[in-house]
Amino acid sequence: MSKKAIIAIAVVVVVIAGTLLMGVFGGGGGQQRAMGAVQVKAMNVLVQDTPLTLEYAGSVKGKDEVKVQARVSGNVMDKYIKGGQYVSAGQALYKIDDRNYRAALLQAQANLAQAQATYNNALIDLQRNEQLLAAAAVSEQVVTTLRAQVAAYQANVNAMEALVQQAQQNLDDTVVYAPMSGKLAVDDVAVGTYAAAGNTTLVTIGSSNPIFVQFSISEGEYLKYVGASVVPGQALPSKTVQIALSDGSVYPIDGSIVEVDRAMQDNSGSLIVKAQFDNPDGILVPGMFARAKLTGDTLKGAVLVPERAVQQLLGKSFVMIVGEDGKSKAQNVELGTKVGSYCIVEKGLTGKEQVIVEGLTSLTEGMDLAITEVKPEDMGFSLTANNL
């Protein structure tokens, strides 16, 4: 593209921007005055102490989740549950083929009996030779050798007992029990599946009450939320947390922050937080979307304007107010946190203005106004409106 073409495009952009600014801040005012006053609704800017709120997108997480695996290998012979049901801790879930493990137990018991018999015979010989030694009928060397043999046979008996115990445990482990109470996932395997010990997940089980909602907050928001209430050893106080679900409904039970990561995430500069909620009816399910709302410190004497009164132009925010001459006036503002139906104004308004909340579609600066004064309740504005 040639230099002349670039200059031409820049000039066009400047002209368009200037036209837009003139339309908002006074251009065309004479034409509108000739057409009569513009019908608008206006209300007084609110000035009051306002609690700050912070909102975050999060997800529901199970408080505890376990992948149930068999301790022994074998084919699944019986299945006592089905996916999605609730189970209690200690409830039988699966039965693994136990034929090999029964045989191993019988073999271990037989080996133990043989070792025990050998030990008993050696012990009898030792006792008899100890009597002969007392009568000087045998040498001390013979008795010493017999004592060593008895000790070795005793150690072998102990080893056989351990093998019997292990075989019994393996046999017992062919029945797989629920390690905790909770709801089963639908990833349960079918009868006939070969389960490898410690490798094959038979089913996943997770607790559903209470349950977590996990979200991340930035470093600045963390400091803003906690304020001066940081206590050594306690990352966040247990302040109230509200959540809204994907359909916009607000979950009826409030939660509290119970877990906070120990450090900011390197890739995002955010801190992972978990809030715990009671879930008696099982409404919250792991994986669900949830928008969390936290209430922080109270801002004294905050200046508030309805969010619908705020307009944007070229990256700047402004509101239309009623000027001293009764005409419309565009006022640039710097906005802070959103609170319900309102935005906190950090700069640009004193709190004594009347802001136009309806009739803004074709309104520009300098127009004569036919004002209808309204109150927040007339327009449905609220500081506690659901903005999750």
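1. Lys-41, Arg-308 and Glu-358 are joined in a network of salt bridges, a salt bridge being a side-chain nitrogen of Lys or Arg within 4 Å of a carboxyl oxygen of Asp or Glu. The structure holds 12 salt bridges.

2. The model is a predicted one, in which local features need pLDDT of at least 70 and side-chain atom pairs count only at pLDDT 80 or more, while totals for chains, interfaces and linings use all residues. Residues are numbered from 1 along each chain as its sequence is written, and side-chain values use heavy atoms, with hydrogens and water left out.

3. Asp-173 forms a salt bridge with Arg-71, with 3.8 Å between the closest N and O atoms. Asp-173 lies in the loop between helix H4 (140–172) and strand E7 (175–177), and Arg-71 in the loop between E3 and strand E4 (74–79), so the pair ties together parts that are 102 residues apart in sequence; helices (H or I, at least four residues) and strands (E, at least two) are DSSP runs, numbered from the N terminus.

4. Lys-95 and Asp-98 also form a salt bridge, their closest N and O atoms being 3.2 Å apart. Lys-95 counts as buried at 16% relative accessibility, and Asp-98 counts as buried at 12%, where buried means under 20% relative accessible area, exposed over 50% and partly exposed in between (1.4 Å probe, protein chains only).

5. An open sheet of four strands has the order E3-E10-E8-E5, with antiparallel pairing, two strands being paired if DSSP finds at least two bridges between them. Strand E3 (65–69) and strand E5 (86–87) stand at the edges, each with a single partner strand, so one side of each lacks a neighbour in the sheet.
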